[in-house]
Amino acid sequence: MKSIYMDYAATTPVDKEVINEMIPYFDNKYGNASSIHSYGREAFDAIEISRDQVAKLINANPDEIIFTSGGTESDNLAIKGVAYKNKDKKDAKGFQIITCAIEHPAVLETCKHLEKNGFKVKYLPVDKYGIINLDVLEKTISKDTFMISVMFANNEIGTIEPIGEIGKIARRNNILFHTDAVQAVTKNLIDVNKLNIDLLSISSHKIYGPKGIGALFIRKGVKLHTLMHGGGHENGLRSSTLNTSGIVGLGKACELGQKRMNKDVAHMKNLRDLLIKNILTIEECYLNGHPEKRLANNSHFRFTAVEGESLNLMLDEKGIAAATGSACSSKKLQASHVLLAIGLKPEEAHGSLRFTLGRMNTKEEVEYVSNLLPGIVKKLRKMSPLWNR
Ligand SMILES: Cc1ncc(COP(=O)(O)O)c(C=O)c1O
């Protein structure tokens, strides 16, 4: 049976070069980066090289990067860290955060937690493509707003938000701007200075690095409360012995991602566009998300009178890995909050399927999936009481 992986937004395999770079740090280079002996210094030096590699990817300074356990922690630290610091200030601007309805749960649940703790959160609506309205953003800003958190690109429908414009608005109003760039890094050129980004979240396992490691960019001068008390690592912002092998893997993944960005993006766009063209020939099949302002590797469809979950299972039986919803919410029965926010009815949301491509996919795989899918859709529709044509 074929084995075709098209769920790169959920996670990616670790690049062989990344693995090779990591292995010595499990083996003979096992020092604790805080130790002053040569083992410790060896780990410390490797971590600083990685910090540099991560910083270069987004045009930051290495001392503006701290390592975390992944995208979820980076989002939590960015938002709660700034919020709690702000609460402490005598001259606090206020207690309002502006975010958006289609954020990843790592942001949405963090914001809900803050709401229970005295903060006000405004959730910006999005249009049918998933894009926020900049006029609405400007009107939502009040004297109490201290932070805007809007994702760079959506993990489900792939839509890219107007980050440059949001950054300008944030800067003009003297408000901190955080973006969850977990899906966007290495697929989009990101310059935190040009885009006026103050905090940016990265996750390693979405960019051919290992799981359980991530980074947060914190612009120099931005003050945060720590969420992790302990030995004071990472300038007191994130205590715990540094995960040297993971950090080395993330650094290498960033370096390779930057080096290969043009080639990878061109490759994925070609395949994505072919997949979209082929799949949209299926009767009553529609593209979710923006037709152009979307991640190079994302295609997301809805099929009338078809259960996305059934489609996904039937594809899996044929060895094809796709997704409904995001990886973390796809085991829940609720319709995706992202699809509902772009105006889909619950049954339309349930009839959706995502294919996210990667470096390793081929044209043959795209053709194979494109040829197989119409038959599966037809079979499911035959069984569906909603499809009576
Ligand atoms: C946009 C976005 N943010 C945050 C996360 C969480 O990242 P991690 O799995 O590294 O915690 C994900 C993972 O699916 C994501 O897609």
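Residues are numbered from 1 along each chain as its sequence is written. In this predicted model local features need pLDDT of at least 70, side-chain atom pairs count only at pLDDT 80 or more, totals for chains, interfaces and linings use all residues, and side-chain values use heavy atoms, with hydrogens and water left out.

Seven strands, in the order β2-β8-β7-β6-β5-β3-β4, form an open sheet of mixed pairing, where strands are DSSP runs of E with at least two residues, helices are runs of H or I with at least four, both numbered from the N terminus, and two strands pair if DSSP finds at least two bridges between them. The edge strands, each pairing on one side only, are β2 (65–68) and β4 (120–124). Strands β7 (residues 199–203) and β8 (residues 214–218) run antiparallel and are joined by five bridges, and Ile202 stands opposite Ala215 in β8.

Helix α6 (residues 163–172) lies across β5 and β6, at about 155 degrees to β6; axes are lines fitted to C-alpha atoms, for helices over the stretch in contact, and angles run from 0 to 180 degrees between N-to-C directions, with contact meaning heavy atoms within 4.5 Å.

Two charged ends sit over rings, a term that requires NZ of Lys or CZ of Arg within 6 Å of the ring centre and within 35 degrees of the ring normal.

| Charged residue | Ring | Distance from ring centre |
|---|---|---|
| Lys2 | Tyr368 | 5.0 Å |
| Arg381 | Trp387 | 4.0 Å |

Phe301 and Phe303 are both buried, that is, under 20% relative accessible area, whereas exposed means over 50% and partly exposed in between (1.4 Å probe, protein chains only).
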